Each structure stands twice: as C-alpha cells, then as structure tokens.
Amino acid sequence: MVRAQPVVDPFGRAITYLRVSVTDRCDFRCVYCMSENMTFLPKAELLTLEELDRVCGTFVAMGVRKLRLTGGEPLVRRDIMGLIRSLGRHLASGMLDELTLTTNGSQLARFAETLRECGVRRINLSLDTLDPEKFAAITRWGRLAQVMEGLGAAKAAGLAVKINMVALKGVNDGEFDRMIAWCGDEGLDLTIIEVMPMGDIGNETRLDQYLPLSLVRAGIQRNWTLDETDYRTGGPARYVVVRETGRRLGFITPLTHNFCESCNRVRLTCTGTLYMCLGQNDAADLRSPVRQSPTDAPLEAAIHAAIARKPKGHDFIIDRRRPAISVPRHMSVTGG
Ligand code: SAM
Ligand code: SF4
C-alpha cells in the first residue's frame, strides 16, 4: 500500500480529514440548528451515492486519512449503508485510518450492527439533555427513548460513543453535572459545544442561546476535578479528563478560543460543494468536475485549487452590536 502524501494548504496545514454532509435533511428540527419549516435542497442537485463515493475515494487517494459522515442526519439518507460499506474498502486497504459518523441516534437501533461490520469503530452521538421533555422541546420532533435505544444498540455492537452536547443558555445549563456523571456511568466521553452562529433558525436569536463555555467550565470545576491532558484529535476540541469518572471531557469553543491554527479538515456538502472553512463562505464546486469527466484528473485539480484557497481562520462573532448570523448556511449543510 502506498501511503498518499496529503495536500498541504498555504499555511502549512496538511489536509487529512474530510467531513461529508451526505444529506441536509433530518428527522429532527433542533432549535439551534434548523427552523421548523425548512426548505431543503432539491433532490436533483444532490450527488448520487456513487458520486459521493468517487469524491471520497479521490480525497483518500490525495492523503485524507479520516472520513466523517454527517448531515443533516446521515442515517436518514436512503441506502446510506451502501455508501458506508463501499467506503469501508479504504479501511481494508490501509489507505484510511478511520471512518466515522456524527448522528442524532434516531436510526442507530437499526444500523449499529451493520456500521460495525463496515469498519466503523467510533461514532459521535448528539444528546443535549437527559430529560425527555426537554429533549422533545430541543429537537422538536425527537424522542429521547428512541435515541437511548440507539445508544444501547451502538454499545452492544461494540462501537465507542462520544456524546456531543450543545450548551444552551436557559435550556440545559443546569445539566452539565448530571451529564458528566451519566457519561461516567455509561463509559462515554463527552464534548460540550458552544452554539455557533449558522443559518436562520426562526424566531430565536443567537444571543438568547449563547452560553460561553468559559462559564460552563467554571461551573463544572466546582464539582469535578478536571485534569489537563495533551490528548488532541486535530480538531477544535480541547480535552481534560474528569478525575472522578476517568472519562474525557472536551470543550469546543469556536467563539471564545481560536482553534484554526491546527485545522486539518475540509467539508463537502451533499451537492458537491467543498467548504474550506466552517466559518467562511468561500467554496469550490466539485460536482462539475465529477459530472463532466469520467477520469479523476479534473476533480483532483479542483481539490488542489480549493485547498490552495483555504483561509487562515474564521470570523464568527456573536455580540450585541452584531446579533445577525455570521454564516448564512445552516450547520446541516456542512454538517458541523
Ligand atoms: N444530525 C447529526 C447530529 O445531530 O449529530 C449530524 C449533523 S449535526 C448538524 C452535527 C452537530 O452539530 C451536532 O452535534 C449538533 O448538535 C451540532 N450543531 C448543529 N447546529 C449547531 C450550532 N448552530 N452551533 C453549534 N453546534 C451545532
Ligand atoms: Fe438534525 Fe443534527 Fe441539526 Fe438536530 S443538530 S436538526 S439532529 S442535523
């Protein structure tokens, strides 16, 4: 097996991680992510699963070592298991280190076993509260029991699960201690995420939801001992270990802490648009080179040209002078 040399951006960052939003659709309507009445992308604009497979394969050949499928809800895309199974070939060949996904858990009871068979070993599961009523209020259309069933199936299948919890002022800000204790009992790592200003979400404004993680961390430290660790995933999370539970606790703080200098990733949408930064609008069209040529050379050239434009960092701002959204697309388009 020839290990591909990763493409390096103008700031010397090797691009080894591709996140793919396989659909912008979802069976939930989380209040911080979507409005209740969403207009989704026309199906005709989507890359087919075969085209997604081809683009992912090209990135792998260009040095990407980690693929994460996300969305929208990745497991609601029809026949998604066919794509995951096919991508598993890159694990078998040694070209890929990890194939993983971020999911709301609603479909895990059906798919956990097959995910494991396809080579998936770890998943991120989004869970903002352990209270069934709050869960229904946050997700609008979700049921906590269904997600808990999915979590049970994932654990039974031998998948390692990390919980993602978005910190929401006045909603789940009293639940961090309970979540840390529960993750300890269940053997799960936890990452707490600061809400990011992405997409129109209807009536609520970002200032209503925004809770700086510096405050969250200070509150947690009153009841738990947080030991520093140099564990890094190359991503935006900073990790500590909770001494009392032995589990990792991550903080993703895009707004209070800049994580851009170690960014190793780019993001592909389900329509074949490549975003070089979650917090910037510049993007490259990969659908045209995929559709215009049966060979991969034009696609590779488009990827090289895009990575050469990867910006140094993002410009997210939430403050009283600029309550407007900073990035007009929803998180479900680029997948977080
Ligand atoms: N549907 C899947 C899920 O919920 O895990 C995958 C897609 S979702 C967009 C990916 C992650 O982004 C989730 O953990 C979600 O909580 C988070 N997220 C969505 N909108 C966000 C926002 N505006 N700020 C911060 N995190 C957000
Ligand atoms: Fe769906 Fe995930 Fe967005 Fe919630 S956060 S609406 S589950 S895409």
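# Helix packing, a ligand shell and an aromatic pair

Helix α1 and helix α10, the latter formed by residues 297-307, pack against each other at an angle of about 65°, with their axes 10 Å apart. The structure described here is a predicted model. In passing α10, helix α1 makes a right-handed crossing. On the α1 side the contact is made by V55, T58 and F59, and on the α10 side by L299, E300 and I303.

The axes of helix α2 (residues 80-92) and helix α3 (residues 108-117) come within 9 Å of each other and cross at roughly 20°. Because angles under 35 degrees count as roughly parallel, this crossing makes α2 roughly parallel to α3. The crossing in which α2 passes α3 is right-handed. Helix α2 contributes M81, I84 and R85 to the contact, while F111, T114, L115 and E117 come from α3. Within the contact of α2 with α3, the residues divide into four nonpolar, one polar and two charged.

Helix α3 also packs with helix α5 (residues 144-156), and here the axes come within 8 Å and cross at roughly 15°. The helices α3 and α5 are therefore roughly parallel to each other, and α3 passes α5 in a right-handed crossing. This contact joins L108, A109 and A112 of α3 to E149, G150, A153 and A154 of α5. Its residues divide into five nonpolar, one polar and one charged.

| Helix pair | Axis separation | Crossing angle |
|---|---|---|
| α1 and α10 | 10 Å apart | about 65° |
| α2 and α3 | within 9 Å | roughly 20° |
| α3 and α5 | within 8 Å | roughly 15° |

Ligand 2 is surrounded by C26, F28, C30, C33, M34, G72 and N104. The shell around ligand 2 contains five nonpolar residues, two polar residues and no charged ones.

Aromatic pairs in the model come to a count of two. In one of them, F28 and F135 stand edge-to-face, at 6.0 Å centre to centre and with 85° between the planes. This pair links distant parts of the chain, since F28 lies in the loop between β3 (17-21) and α1 (49-61), whereas F135 belongs to helix α4 (residues 132-139), and the two are 107 residues apart.

Terms used: Residues numbered from 1 in each chain as written. Chains lettered and ligands numbered in written order. Predicted model: local features only at pLDDT ≥ 70, side-chain atom pairs only at ≥ 80, totals over all residues. Heavy atoms only, no water. Near = heavy atom within 4 Å. Nonpolar A, V, L, I, M, F, W, Y, C, P; charged D, E, K, R; others polar. Axes fitted to C-alpha atoms, helices over the stretch in contact; angles between N-to-C directions. Helix = DSSP H or I, 4+ residues; strand = E, 2+ residues; numbered from the N terminus. Parallel < 35°, antiparallel > 145°, perpendicular 65-115°, else oblique. Left-handed = near helix turned anticlockwise from the far one by under 90°. Contact = heavy atoms within 4.5 Å. Phe/Tyr/Trp six-rings, centres within 6.5 Å; stacked < 30°, edge-to-face > 60°.
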